[in-house]
Amino acid sequence: MPTFGESELSLVADRPGAWLSGYAQSLGRTSLGQVAREVVLDDAAYIADRAVPPVTSPEWDSSRTRTGVVMGAVQSGKTASMLGVTARALDNGTNVVVILAGTQTALWRQSFDRIQTQLDVLPGRASKRLFLPNPRLAEDGGHFPGPADLYSLTESACASALRRGSPIIVVAMKEVHHLERVGHLLHGTVYPAARRLNLDLRVLVIDDEADDSSIADGVDTSGADPKQVPRRILDLWEPRQAPGKTVDERTFAAYVAYTATPQSNFLQDQTNPLAPRHFVASLRTPGPNGDPSHRSLTYAVPEGLPGWYTGADLFYRSLVDTICVVDTPADGEGALAEATEESTPSTRGTEDFEGADLDHVVNSLRAYLTAAAIRLCRSPGRIRPASGAARLFEERDDAVAQLSSPTCMLVHPSSSMADHFLVADALRRWWTGTLAEAAPSASPFAGVLADLDENESMWLAWIESYRISAATVQERFSGASERPVSSWAELREVIVEELLPATTIAVINSDPDADEKPAFEPWWTGEAWAAPRNSSTVFVSGNVMSRGLTLEGLLTTVFTRASKNPYADTQMQMQRWFGYRGSYLDLCRVFLSPLQLDLFTQYGDADDALRTQIIAAMNANTATLPTISVLQGAAFQATGKVSIRGRPLSPGKRPFVRHLNSPGKDHANIAILSEFFDAARTRGELVSSERGLLVSRPVTLVQTAQLLEQLRYDDHGWSPEDATRWRAIERQAGILDTDPAIPLYRAPAIHSESVDLGSLSPYYIAAYLRLWSTALERNIPGLYTNDLPAQRWSLLDLEEKQRSQPLFYVGLRFGSGSPVKYGPLANLAQKVGRSFHAMARASTESVLSATWGSRGATESGYRSDDLFDVQMLDGHTVRLNADGSRATGTNGLALFHLVERGGAQEGIALGLSIPSGGPDHIEAVSTRMSVAR
């Protein structure tokens, strides 16, 4: 079975084993539609079959370990996939599954409960598996046991389970002491039992949120590295005395890293044994298009918009003008701006949060209460929040069926926990009417009541906003149902009678004084089922909301957080408004600054580019892990978890190939150029002067690339790094292997080791020109134009880009050196009727000392070599940018330089003047990562 390759996407639910069958039934009780459930199971089968193949498979190398990454989308259902992978692996005979379920107790409990209710559902389950921790020990409330009690198993119970083929399932917290105890259990009990029974043992470790704590930027496998979590994970299957292999020859281990933001997983030091080496996958999400039977980013579902995953495509593209409320508070930096991504103590501890910043948040609170009231009115048969708070139900299902769905709002002002309390206190004072130190009112929400009367026009403006967004959603998405908006009188009554009495303002962070984690499900009082504690809540929070926890019914978000050093993976996780919100998408609003909207949009493009590459790799029939290109931007880094640098795609505006063949060894290149210019002479298109030659009819991007690709060097040719980079770009662009446009990179192989010229290789520049030509027919995610301001390639008018694409003049620059006396150029000089003189330029054995000649335009005219075409053609002008480079829509120049090399020898150097408007991106490259993979 190949590591990658096209897989049949058929109904796994029709042919599962016991575990997957039970899980499929559990999925059927969720809100996921049938098509979405089928895709979850198919993706799970794809991942599990590649992660844990049979022990006889040649995919296991000498280490008997397989590692890989699964990329989901933020709040898209990664846990559903993890459980599906676990079920499939168990049906395939995997003996031990360890699920690392978060670094915090709340997240661990959340995953533990879900595994219990959706995966561990087989009849007579006590005899079909060993489950750790024992669910009774892990119950919420009372004394919480330590790791030694949670992960305890007797030798006899372990041996009995292995003998009868019952798997061992461990749900562990990703914390050093918990991991240490699980490792002790495996090495001290499980592995010895398997050896005594003479069994092959397959161990599957699933790491949820694998970019959190599991990344190592240079791992010391001796255990001395201060980042102990990666080391402790590795300890689960590898002995420290003999690193690099599993504990014995009959133990096979697979590590599957799950995350929505895998930038650091790909960029971490490749010596980390947890780095992905064998497989990679991207989970698909339901959306407006795509065939579920073919692997692509999205797939269509019959439910339409209510069944879609609502992410960057909708929030920052299709509905950005409707959902995103772009506002710049008075200070221009957000309500509580901060210096870095790191949480720092607040310097505002006793100051009031008021003025323009408070007005900004209060206006969003009006939007929330209005939207929540509209949503309640759209479900007339449901019990509303204030009424529901007084009701009790005998059955949980009755509470779920009769109560209105929870709604909430999120204010994300800062990473500083002190600021969260400051903001919440100001909101409570506004809410109660005590902001101006007034006497306490009889009503706990007197401030809102006063605002309803005094600022009614602002509330009415939100009603109109939601009417417009409802109509917009119905207009833009075929099949979207009508979304009514009630009258102000009805909405006001719902706000006053049902929302205000039931709405709370809660601070959610890791401070001991913070409120409890959100609870959106009915809860057992000991006698009956009560309404969720958070039926209508305004959450003020920061980093703790950035991972794992889902905010049910999130309608309004205020994101005033700012950072001078934003990281894409960190801020992607903060977008808690993503998820399955299609049924009420018209009521969603995100308040943010123009700068933050631009950043979120760029993150979305980079995310699409990463996902596109992974999907392309999954569809390709290759047996090796592909190189994945991680993108960042000029204003943000991909991640702060590892040491990285940025590498642009574009070779620059005036790239110059200074590399030369050794003296006397440039005959091939001279012959190529002689033939090229002689052909132009024959066509009557050659212009000559003492400065050089120029072909008067420019050539296309691809023709220019073809000319560069003909150049030959005795010590420079095909580069593995460049080849893998351009292959990743082909996947990012979605270019099929059958497309004649690829390969983009077409450097020749040479017999000796190639000198690395990077982006100043003529073959790299040729690949860039080929990409430009190909990109004129594609809206490629993650690409931007390299002009100012930069534009997202995915939003460009391609017909206009095709009309403005550059052609390239090709010239040959002469100098004041010795005349050419021998060879094809001497023959061409005779045909032209002019003496050709080489340029007297200093050089070493293989490098020209200088690049372009005199630069810049003067009052007397153009003198720069990079404007050689202007000098040679009467009446020809070029529009220039402020920095002197060629403007978008102008033609370019490829100027070969005839360089004197001594002893009547000439060599060829090359400079290009490339117009703006071409494709570009900034690739994140680890400063520690090995080039070859």
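Helices and strands are DSSP runs, numbered from the N terminus. The structure described here is a predicted model.

Salt bridges were examined across the model. A search of the whole structure finds 46 of them. One joins Asp 207 to Lys 174, with the closest N and O atoms 2.8 Å apart. Its partners come from distant parts of the chain, 33 residues apart. Asp 207 belongs to strand β5 (residues 201-207), and Lys 174 to the loop between β4 (168-172) and α7 (176-196). Both residues, Asp 207 and Lys 174, are buried.

A further salt bridge brings together the side chains of Lys 641 and Asp 211, at 3.5 Å from N to O. Lys 641 sits in the loop between β19 (630-632) and β20 (644-648), while Asp 211 sits in the loop between β5 and α8 (228-234), so this pair ties together parts that are 430 residues apart in sequence.

Arg 647 is part of strand β20 and Glu 721 is part of helix α23 (residues 720-733), so the contact ties together parts that are 74 residues apart in sequence. Arg 647 and Glu 721 are both buried. Salt bridges can also share partners, and in this way Arg 231, Arg 232, Asp 235, Glu 238 and Arg 240 are joined into one network.

Charge also gathers on the surface. Glu 394, Glu 395, Asp 397 and Asp 398 form a patch of negative charge there.

Attention then turned to strand pairing. Strands of a sheet pair through backbone hydrogen bonds, either parallel or antiparallel. In the model, six strands make an open sheet in the order β21-β29-β28-β25-β23-β22, and their pairing is mixed. β21 (656-657) and β22 (686-689) stand at the edges. Each has a single partner strand, so one side of each is left without a neighbour in the sheet. β22 runs antiparallel to strand β23 (residues 692-695), and four bridges join the two. Among the residues involved, Val 687 has Leu 694 in β23 as its bridge partner.

Backbone geometry was examined next. The peptide bond from Ile 742 to Pro 743 is cis, with omega near 5 degrees. Pro 743 lies in the loop between α23 and α24 (762-775). The bond from Leu 788 to Pro 789 is also a cis peptide bond, with omega near -5 degrees. Pro 789 is located in the loop between β24 (784-785) and α25 (798-803).

Positive phi values were found in residues other than glycine. Arg 64 is not a glycine, yet its phi is positive, at about 60 degrees. Arg 64 is placed in the loop between α2 (34-51) and β1 (65-71). Its relative accessible area is 11%, so Arg 64 is buried. Asn 198 likewise has a positive phi, near 60 degrees. This residue, Asn 198, is in the loop between α7 and β5. With a relative accessible area of 55%, Asn 198 is exposed.

Terms used
Residues are numbered from 1 along each chain as its sequence is written. This is a predicted model: local features need pLDDT of at least 70, side-chain atom pairs count only at pLDDT 80 or more; totals for chains, interfaces and linings use all residues. Side-chain values use heavy atoms; hydrogens and water are left out. Patches are made of residues with over 30% relative accessible area and no salt bridge: like charges are joined within 9 Å, nonpolar side chains (Val, Leu, Ile, Met, Phe, Trp, Tyr) within 5 Å. Accessible areas come from the Shrake-Rupley method with a 1.4 Å probe; for residues, only the protein chains shown count as cover. A salt bridge is a side-chain nitrogen of Lys or Arg within 4 Å of a carboxyl oxygen of Asp or Glu. Lys and Arg count as positive and Asp and Glu as negative; His and the chain ends are not counted. The place of a charge is taken as NZ of Lys, CZ of Arg, CG of Asp or CD of Glu. Buried means under 20% relative accessible area, exposed over 50%, partly exposed in between (1.4 Å probe, protein chains only). Two strands pair if DSSP finds at least two bridges between them.
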